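Please take a moment with the sequence and the structure before reading on.

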Amino acid sequence: MQIRLAGIGGQGVVLAGVILGEAAAIEGLNVLQTQDYSSASRGGHSIADVIISREPIYDVMVTEADVLVALAQLGYDTVKDSLKENGLLIIDTDLVKPDRDHVGAPFTRLAEETTGLALTVNMVALGYLVAKTGVVKKENVEEAIRRRVPKGTEEINLRAFRAGYEEGLK
């Protein structure tokens, strides 16, 4: 499965991609994770690609995304053409106005309501993605979160992930 996460710098898109990739590795799946971001550290586009497969992976980047998660309009506009025609588009419904069928929720608002921090939007969106696709097991993502987020922020990030996961099950 080819998954692309897109947003703007500061939304934690790259960390979400790393955590998703690590969860897949914990499950023994083959995984490739790469990222691309503009030179602007805040406000420029930010993209994380994750390819997860039981088979060997020969692509070096997402070529046709099965899933695109867009957390900002700039991120969506930058990569929308990489989503397969029948692919799954997941958006932050407050921040992205797509030109095709989609699912989603107000991820940034959910992050603020759940943790008080908009910057946990990446974990909310990751939870939603995992619930909607089942690409990896919830508990393996939680383990990857514990390993990868800054020390002392594990619980707040897990709370954000679980909020997104619950929203994705609706």
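Leaving aside neighbours within four places in sequence, Asn122 is in contact with Gln11, Gly12, Leu15 and Ala16, where contact means heavy atoms within 4.5 Å. This is a predicted model, in which local features need pLDDT of at least 70, side-chain atom pairs count only at pLDDT 80 or more, and totals for chains, interfaces and linings use all residues. Residues are numbered from 1 along each chain as its sequence is written, and side-chain values use heavy atoms, with hydrogens and water left out.

Asn122 lies in helix H4; helices (H or I, at least four residues) and strands (E, at least two) are DSSP runs numbered from the N terminus. With a relative accessibility of 4%, Asn122 counts as buried. Here buried means under 20% relative accessible area, exposed over 50%, and partly exposed in between, using a 1.4 Å probe and protein chains only. Between Asn122 and Lys151 there are 17 Å in space, C-alpha to C-alpha, and the two are 29 residues apart in sequence.

Two packed helices are described by the angle between their axes and the distance between the axes. Axes are lines fitted to C-alpha atoms, for helices over the stretch in contact, and angles run from 0 to 180 degrees between N-to-C directions.

| Helix pair | Angle between axes | Axis distance |
|---|---|---|
| H1 (residues 13-26) and H4 (residues 121-133) | roughly 40 degrees | within 9 Å |
| H3 and H4 | about 115 degrees | 8 Å |

How do the axes of H1 and H4 cross? They cross at roughly 40 degrees, and that makes H1 oblique to H4. Angles under 35 degrees count as roughly parallel, over 145 as roughly antiparallel, 65 to 115 as roughly perpendicular and the rest as oblique. The crossing of H1 and H4 is right-handed; a crossing is right-handed if the near helix is turned clockwise from the far one by less than a right angle, and left-handed if anticlockwise.

On the H1 side, Leu15, Ala16, Ile19 and Leu20 meet Asn122, Met123, Leu126, Leu129 and Val130 of H4. By class, this contact of H1 with H4 has eight nonpolar residues, one polar and no charged. Ala, Val, Leu, Ile, Met, Phe, Trp, Tyr, Cys and Pro count as nonpolar, Asp, Glu, Lys and Arg as charged, and the others, Gly among them, as polar.

H3 and H4 are roughly perpendicular to each other, and H3 passes H4 in a right-handed crossing. Phe107, Thr108, Leu110 and Ala111 in H3 meet Val121, Val124, Ala125 and Tyr128 in H4. The contact of H3 with H4 divides into seven nonpolar residues, one polar and no charged.

Helix H3 (residues 107-115) has Phe107, Thr108, Leu110, Ala111 and Thr115 buried. Seen down the axis of H3, these buried residues fall within an arc of 160 degrees, so they line one face of the helix; the arc is that of the directions from the helix axis to the C-beta atoms. They pack against strand S5 (83-92), strand S6 (103-105), H4 and helix H6 (154-169). Following H3 comes Gly116, with a positive phi near 80 degrees.

In helix H5 (residues 138-148), the buried residues are Asn140, Val141, Glu142, Ala144 and Ile145. Their packing partners are H1, H4 and H6.

**Thr78 in H2**

Thr78 is found in helix H2 (residues 73-79) and, at 41% relative accessibility, counts as partly exposed. Not counting residues up to four places away in sequence, Thr78 touches His45 and Ile47.
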